[in-house]
Amino acid sequence: MRVLFIFLDGIGLGENNQGINPFANAKMPNLNTLLDGRSLFKESAPFHGEHASLVAVDPNVGVDGLPQSATGQAMLLTGKNISAELGYHYGPKPNPAVAEYLKNDTLFSRCVEAGKKTALLNAYPPRYFDGIDSGKRLYSSIPLAVTNAGLKLFTHEDFLAGNALSADFTGNGWRTMLGFPDSPVMDAHHAGRKLVSLAMEYDFSLFEYWASDYAGHKQQMENAVELMEAFDGVLGGIEEERRKTKDELLVVVTSDHGNMEDLSTRKHTDAMVPALVIGEKNAREEFTREMTDLTHIAPAIWRTVIDS
């Protein structure tokens, strides 16, 4: 079975509180339908329905301090309790100690070793590669794991050719912020369908969405609500296209730490994070079996993609 892993940066399971939680204000009919009227609140998990499951996973992994991006993402990619082994959470970008874990034995490197086709479906603009080449920008954990596995990051040429998606799903940012006035733009529903069609070309694929974490740090309720309503449109397209795959694709949505669910603070939170799994019921039940913290995501993906 193929797996599409959608990484939503900085999304925790918070209170149903309209004053601080965008999920209490956002209109998300596609998510609500998948969860039988529920949303991404802490009281919504665990849930196992006809098309989706939701479990709460712990990003704190027994380590003092608030969870951070570099270690959280590295744990999602390796299944190792990196924060416990190092004795601290770290982020946003990997330090040398965290980077060492991402050299091998990641989801990407394991797929390559097993002869499975894998990719990060984000397209990166020229300025990103310029920053990396100049040393002014560091890889975050996910692209570092990709490049360490000998895989290439998709470029603006891949985006224009339809082989990858922009970080905002729709491509609008490439026109308004990145200087590509003629780049393709699609609505959120179409972007979700496109994401599934791309994922079906791979055994394991990942898409990284970081705007949610940015909105959380900026405490921008209106922006956060808009982002989640757009993501709901993506979910609608994903589910429409996924049903055409005859249950050959499992969609996994999770995060590295809490943040956006509590806009009363600019900091990360210690909230549990959602693991939303969409697909065939038996596959979902097997995937979420004994899943309690971030280190259980990667082994579940290995079982589904490599061992099945």
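The structure, a predicted model, holds one cavity of 30 Å³ or more. A cavity is a set of points on a 1 Å grid over the protein atoms alone where a 1.4 Å probe fits but cannot get out. The largest cavity has a volume of about 40 Å³, the volume being the space filled by probe spheres set on the points, which are joined across faces, edges and corners. Its lining consists of Phe 5, Phe 7, Gln 73, Leu 76, Leu 77, Ile 142 and Leu 206; lining residues have an atom within 4 Å of a point. Two or more of these residues come from each of strand S1 (2-8) and helix H2, and H2 gives the most, with three. Helices (H or I, at least four residues) and strands (E, at least two) are DSSP runs, numbered from the N terminus. By class, the lining has six nonpolar, one polar and no charged residues. Ala, Val, Leu, Ile, Met, Phe, Trp, Tyr, Cys and Pro count as nonpolar, Asp, Glu, Lys and Arg as charged, and the others, Gly among them, as polar.

Helix H2 covers residues 69-78, and ten of its ten residues are buried, so the helix is largely enclosed by the rest of the structure. Buried means under 20% relative accessible area, exposed over 50%, and partly exposed in between (1.4 Å probe, protein chains only). Among the buried residues of H2 are Gln 73, Leu 76 and Leu 77. Just after H2, Gly 79 takes a positive phi of about 75°.

Aromatic rings are the next topic. Rings of Phe, Tyr and Trp (its six-membered ring) pair if their centres lie within 6.5 Å; planes under 30 degrees apart count as stacked, over 60 as edge-to-face and the rest as tilted.

| Pair | Centre to centre | Angle between planes | Class |
|---|---|---|---|
| Tyr 124 and Tyr 128 | 4.4 Å | 40° | tilted |
| Tyr 124 and Phe 129 | 6.3 Å | 70° | edge-to-face |

Tyr 124 is buried at 10% relative accessible area, and Tyr 128 is buried at 8%, whereas Phe 129 is partly exposed at 21%.

The charged end of Arg 110 is over the ring of Trp 302, 3.6 Å from its centre. Lys 117 lies over the face of Tyr 202, at 5.1 Å from the ring centre.

Residues are numbered from 1 along each chain as its sequence is written, and side-chain values use heavy atoms, with hydrogens and water left out. In this predicted model, local features need pLDDT of at least 70 and side-chain atom pairs count only at pLDDT 80 or more, while totals for chains, interfaces and linings use all residues.

Terms used: A charge sits over a ring if NZ of Lys or CZ of Arg is within 6 Å of the ring centre and within 35 degrees of the ring normal. On a 1 Å grid over the protein atoms alone, a cavity is a set of points where a 1.4 Å probe fits but cannot get out, and a pocket is an open set with protein on both sides within 12 Å along at least five of seven lines; lining residues have an atom within 4 Å of a point.
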